[in-house]
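Here is a short note to read beside the model. Keep the sequence open and find each residue as it comes up.

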Amino acid sequence: MISGGRVLLVGAGGFVGPWLARGLCAAGWRVTGLSRQSTGATLPEPDYRTVHADITDIASCRGWMDEADVIVFNAAYIPRNYAAIDEAEICLRVNALAPLAVLNALTERPRPFLYISTAQGYAERDEPARESEALFPARHAAYYLGSKLLGDLYTEHHRLMHGIPAAVLRLGALYGPGLRTGMVASLIGQARRGGPVVLQNGGKFASDLTYVGDAAQAATAALARGATGIFNIGTGRRTSALDAARLVIDSLGSDPNILRIEPLVGAAPTGFAALDIVHARAELGFTPTLVSEGIRQTALAWRD
């Protein structure tokens with residue numbers, strides 16, 4: 001079991017970073033939150049400090065890296081347009097080459113490394129996807145998902161070939177307080193304005209909706225247990241847009257009649273696979289937040 005010490009959290013801003021920072025501080029870690037922009041998380045915890053640096057310039061970050069006992073790599077470049085080919089280079093630079101540079105530096109003095117990744121690269125399937133399932137995100141968001149999966153690959157390579165005690169968390173479709181984009185946020189926004197809550201294609205699009213607090217739970221558990229390898233973090237089931245909309249309406253006490261379901265057009269929407277979380281349950285003691293509870297918390301925390 002590992003506890004305490006200094007964590008360098010690379011990518012402390014954005015949506016997930018502050019949740020990770022709070023979770024790590026609560027677990028007894030002293031956290032240095034590294035953010036490229038001055039909008040990085042500033043938390044009231046006494047064991048948290050924020051620094052501004054660009055991890056793609058590895059030389060400028062070596063001092064923060066050298067003092068850390070553990071490195072959590074949460075930095076990610078998410079394109080404004082997933083289909084834009086000119087986004088591919090920066091995706092690779094931030095999401096794959098930057099963690100590779102950090103891993104290469106760690107070969108000099110191996111320490112735990114945790115890479116925060118995505119589970120959106122699994123092919124849709126009837127059964128939940130295990131960590132060993134094939135990954136080939138060729139249809140949607142190929143430049144972004146391809147770069148994140150390269151980060152997975154580099155992390156596993158350095159674990160197997162260079163002895164870095166490294167782990168990868170593949171997160172499901174994240175939502176939660178603080179995120180203003182995505183399916184759940186859109187549904188809450190529509191419902192709070194009094195509707196209508198519009199669902200295209202019969203509301204059949206589905207994914208493994210994953211509460212953001214579960215990312216912090218899994219990260220702190222992985223570090224505490226010295227876990228290595230790849231872990232799916234989700235609920236183990238798909239939630240459709242229709243089911244999510246009904247949960248939002250129920251959480252807010254809205255009139256169910258504000259729900260407007262448009263007919264299916266063309267082929268049924270695919271969405272993303274559910275995640276097999278048996279490994280995370282067994283090795284991390286991971287327990288997912290129920291989607292009903294996560295949506296309730298998100299809806300009640302919403303600020304217009």
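Which unit do E1, helix H1 and E2 make? They make a right-handed β-α-β unit, with H1 covering residues 16–26. Right-handed is meant in this way: with the strands pointing away from the viewer, the path from the first strand over the helix to the second runs clockwise. Helices (H or I, at least four residues) and strands (E, at least two) are DSSP runs, numbered from the N terminus.

Some ground rules come before the points. This is a predicted model, in which local features need pLDDT of at least 70 and side-chain atom pairs count only at pLDDT 80 or more, while totals for chains, interfaces and linings use all residues. Residues are numbered from 1 along each chain as its sequence is written, and side-chain values use heavy atoms, with hydrogens and water left out.

1. **Strand E1 and its partners.** E1 takes in residues 6–10. It pairs with strand E2 (residues 30–35) in the parallel sense, over 5 bridges. Arg6 stands opposite Arg30 in E2. E1 also pairs with strand E4 (residues 70–73), again in the parallel sense, over 4 bridges. There, Leu9 stands opposite Val72. Two strands count as paired if DSSP finds at least two bridges between them.

2. **Why E1 is enclosed.** E1 is largely enclosed by the rest of the structure because 5 of its 5 residues are buried. Buried means under 20% relative accessible area, exposed means over 50%, and partly exposed lies in between (1.4 Å probe, protein chains only). Arg6, Leu8 and Val10 point one way from the strand. Val7 and Leu9 point the other way.

3. **The cores.** A nonpolar core is a set of buried Ala, Val, Leu, Ile, Met, Phe, Trp, Tyr and Cys residues joined through side-chain atoms within 4.5 Å. The largest one has 62 residues. Among the members that touch the most others are Val72, Leu114, Leu223 and Phe231. Helix H6 (residues 212–225) gives the most to this core, with 7 residues. Apart from it lies another core, of 23 residues, including Val51, Met65, Ile71 and Val168. In soluble globular proteins, nonpolar side chains tend to be buried together.

4. Contact here means heavy atoms within 4.5 Å.

5. Ile249 is found in helix H7 (residues 241–252). It counts as buried because its relative accessibility is 6%. Beyond its neighbours within four places in sequence, Ile249 is in contact with Ser254, Asp255, Pro256, Ile258 and Leu259. Ala105 is in helix H3 (residues 88–106). At 8% relative accessibility, Ala105 counts as buried too. It touches Arg62 and Met65, not counting residues up to four places away in sequence.

6. On a 1 Å grid over the protein atoms alone, a cavity is a set of points where a 1.4 Å probe fits but cannot get out. A pocket is an open set with protein on both sides within 12 Å along at least five of seven lines, and lining residues have an atom within 4 Å of a point. Grid points are joined across faces, edges and corners, and a volume is the space filled by probe spheres set on the points. The second largest pocket holds about 230 Å³. It is lined by 13 residues, and among those nearest its centre are Val198, Leu199 and Phe205. Helix H5 (183–192) gives the largest share of the lining, 4 residues. The whole structure has 1 cavity of 30 Å³ or more. Its lining includes Ala119, Gly172, Ser207 and Phe272.

7. **Backbone points to check.** A cis peptide bond joins Gly195 and Pro196, with omega about 5°. Pro196 lies in the loop between H5 and E8. Ala141 is not a glycine, yet its phi is positive, near 55°. Ala141 is buried, with a relative accessible area of 7%. Asn201 also has a positive phi, about 50°, without being a glycine. Asn201 is partly exposed, at 22%.
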